[in-house]
Structures are given as C-alpha cells and as structure tokens.
Amino acid sequence: MSATSSTVRTSIKPRTICSSGVPRSSIECCVHCGSLSYKKIGRTSSGAQRFLCKDCHKSFTENYGLITHHTRLLEWQWKEAIRSTINVESITTLAKNMNVSTKTAWLCRMKIYQSIKNIYGYNDTFNSITEVDGKYERISFKGLKDKSYFLDRLNRMPRHHRSREDRIKYLGDDYNKLFCTKPGLLKHLIYDTSKRLNGKYAIDVSHQHVCILTAIDRSNNIFIAPSTAGVPKSKDVYDRLSNKISSDAVLVSDNHASYRYLVKRDNLEHIVIDTTLHTNSTFSLARVNSLHSSLVFNV
Ligand SMILES: [Zn+2]
C-alpha cells in the first residue's frame, strides 16, 4: 500500500457532485473534534465518502451537515423536491415524481424548509417601515395519536364521532386525574358536541388555527414564524419581535392589542391601519398581505 493512501488531509478539493450524484461538501477537518488528522475509510452505500478521525476515532461522511446527510436520495430527486416545493405541489405528487414513499417526500420537504430557515434565519433587524400581521392557518392533526397533546395542550378530544361511553373509554386513567384536577375540562371533553368549526376561516378558540406572525420591511427583510395556536397574546408577539425591530423603525399593523403592547414597551412609532380602510395615508399592509397570499403553508 502506498504511503499516500492514508495521508493526513488538511483539505479536500471541493467538488459539487460526487460520483453517485449526491451533492458533497468540502470537509476540512473532523466534524466532531475539529482535528485535521483524518483519513478516508471507503464510501457509504449511497456513495458518499466516509472519513475516520485519527484523534477522536469517530467517523463522518462528506455530506455531514448538508441537506443530503442521512439520505440516499439522488441529485435528480432533490432537484425535483426543490422544484415541487417552489411550485407548492402536494406531498403525494412529490412522492410520485420522486419515486419515493410519501413519508420520505415529506421528510425531504421538511429538510428544505429547515434549510431555508437556516439560510435566512431570524436575525434580520427591521430598520425602516415594517408591516406586521398575523395569518391564521388551520392546523392538521391528521394521524396525530398523542393523547396528552390533545388533552393537555389543546384541551379537547381528537375529532372523532365518539359516544360519551367511547370518550370515557378514550380518557382511561386520565378520567380520574381530570376528575380531581380539572372537573370543568372533563365535563367539556365528555359533553362537548361541537365537531367542526363554523366556516373554513373562523378562528378557533380551542386552538384549531395557528397564527403565523409575519413582518416585512421596505428592504424586504422578512420575519415569518408560526407563533401560537389560536390568537397570540401580547407577550407572544413581544417575545418574537421585540429584539428584531430597531428604535428607528415605524411599525405598521392593525389595531390588535398585542401590537400596541409591543410599541408601548419598546417605544416605537406606530401606524395603525384600520382594517376597513386598508390604508392610512402612505402606509398600508399591502406588502405583508401580498407576502401572505404568495405563500401556502403546510403547518
Ligand atoms: Zn475527531
């Protein structure tokens, strides 16, 4: 064996695509301990180069930390996933086009969302005229079976057609617990008959909607994040936006109490847009509204 085969590498020529078609990164040190002393130890089944650190003796692959880490998807499948995400296609369509299961397609899309979030981050500071608004999107609980999530967090049953007997059976041991600690909630869980919301856009007090808090300024800095289930409280809005809006900024929003709380505490200039008028002289919520309408959320 030649001496160079296990030579310590201080850098590896960056190549964008490896032989299997999987995008690769340029590994420059051990991803675990930062050591420059590591060697190649073959490839993974998907074709990515594996390395072994000579100091911490842990192994890692060349796509560590990249969106392609821990996947066997090929380049064309990733391209398809990105194309389909931009075109807002359904997970089912994406799965079919990628030739993978819906679960894989969903995971792939979540990775893309996460990467976008990592790239743009929430570090923007808003310095100019900043429009803020919340958009309500229905939350999908389809397939969610975690009982404590429904009972403790949402304070309701999953939306099944359950008889009272079924509901008591579903509660199981929690029945006695709730009987002692939250009898009001127990009564609501067993006797509540409302199954659906009134209308698609009604905001559900029992947390059927998530509020996606959005801010955009004239330089196109964007903050967008699911903030609360149901209507956000003043503190929710304050916690999310307080350190992002500079004292020079002008906040443009509707008259919701949560925005008034934010501007009062941070001493910001505030332009309130009457929701029936839509504009207030030169100010409006047009940018934030247009951002909302350009997005389709998969919450
Ligand atoms: Zn190491």
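Colleague: What makes helix H5 lie largely in the open?

Modeller: Of the eight residues of H5 (164-171), the number buried is zero, so the helix lies largely in the open. Buried requires 20 or more other C-beta atoms within 10 Å of the residue's own, exposed 12 or fewer, and partly exposed is in between, with C-beta atoms placed from the backbone. After H5 comes Gly172, with a positive phi near 55°. This is a predicted model, in which local features need pLDDT of at least 70 and side-chain atom pairs count only at pLDDT 80 or more, while totals for chains, interfaces and linings use all residues. Residues are numbered from 1 along each chain as its sequence is written.

Colleague: Why is H1 called roughly antiparallel to H2?

Modeller: The axes of H1 (75-86) and H2 (91-98) cross at roughly 155° and come within 9 Å. That makes H1 roughly antiparallel to H2; angles under 35 degrees count as roughly parallel, over 145 as roughly antiparallel, 65 to 115 as roughly perpendicular and the rest as oblique. Axes are lines fitted to C-alpha atoms, for helices over the stretch in contact, and angles run from 0 to 180 degrees between N-to-C directions.

Colleague: Which residues make the contact?

Modeller: H1 supplies Gln77, Glu80, Ala81 and Ser84, and H2 supplies Thr93, Leu94, Asn97 and Met98. Contact requires C-beta atoms, placed from the backbone, within 7 Å. By class, the contact has three nonpolar, four polar and one charged residues. Ala, Val, Leu, Ile, Met, Phe, Trp, Tyr, Cys and Pro count as nonpolar, Asp, Glu, Lys and Arg as charged, and the others, Gly among them, as polar.

Colleague: What makes E1 and E3 edge strands?

Modeller: The open sheet of three strands has the order E1-E2-E3, with antiparallel pairing. E1 (38-43) and E3 (59-61) each have a single partner strand, so one side of each is left without a neighbour in the sheet. The twist averages 30° from one strand to the next.

Colleague: How do you know that E1 pairs with E2?

Modeller: Pairing requires at least two DSSP bridges between the strands, and four join E1 to E2 (49-53). Tyr38 stands opposite Cys53 in E2.

Colleague: What is the order of the sheet with five strands?

Modeller: The order is E6-E5-E4-E7-E8, open, with mixed pairing. E4 (129-138) and E5 (209-217) run antiparallel and are joined by nine bridges. Gly134 has Leu213 in E5 as its bridge partner. Helix H8 (234-241) packs on this sheet, touching E4, E5 and E6, and its direction makes about 150° with that of E6.

Conventions. Helices (H or I, at least four residues) and strands (E, at least two) are DSSP runs, numbered from the N terminus. Two residues are in contact if their C-beta atoms, placed from the backbone, lie within 7 Å.
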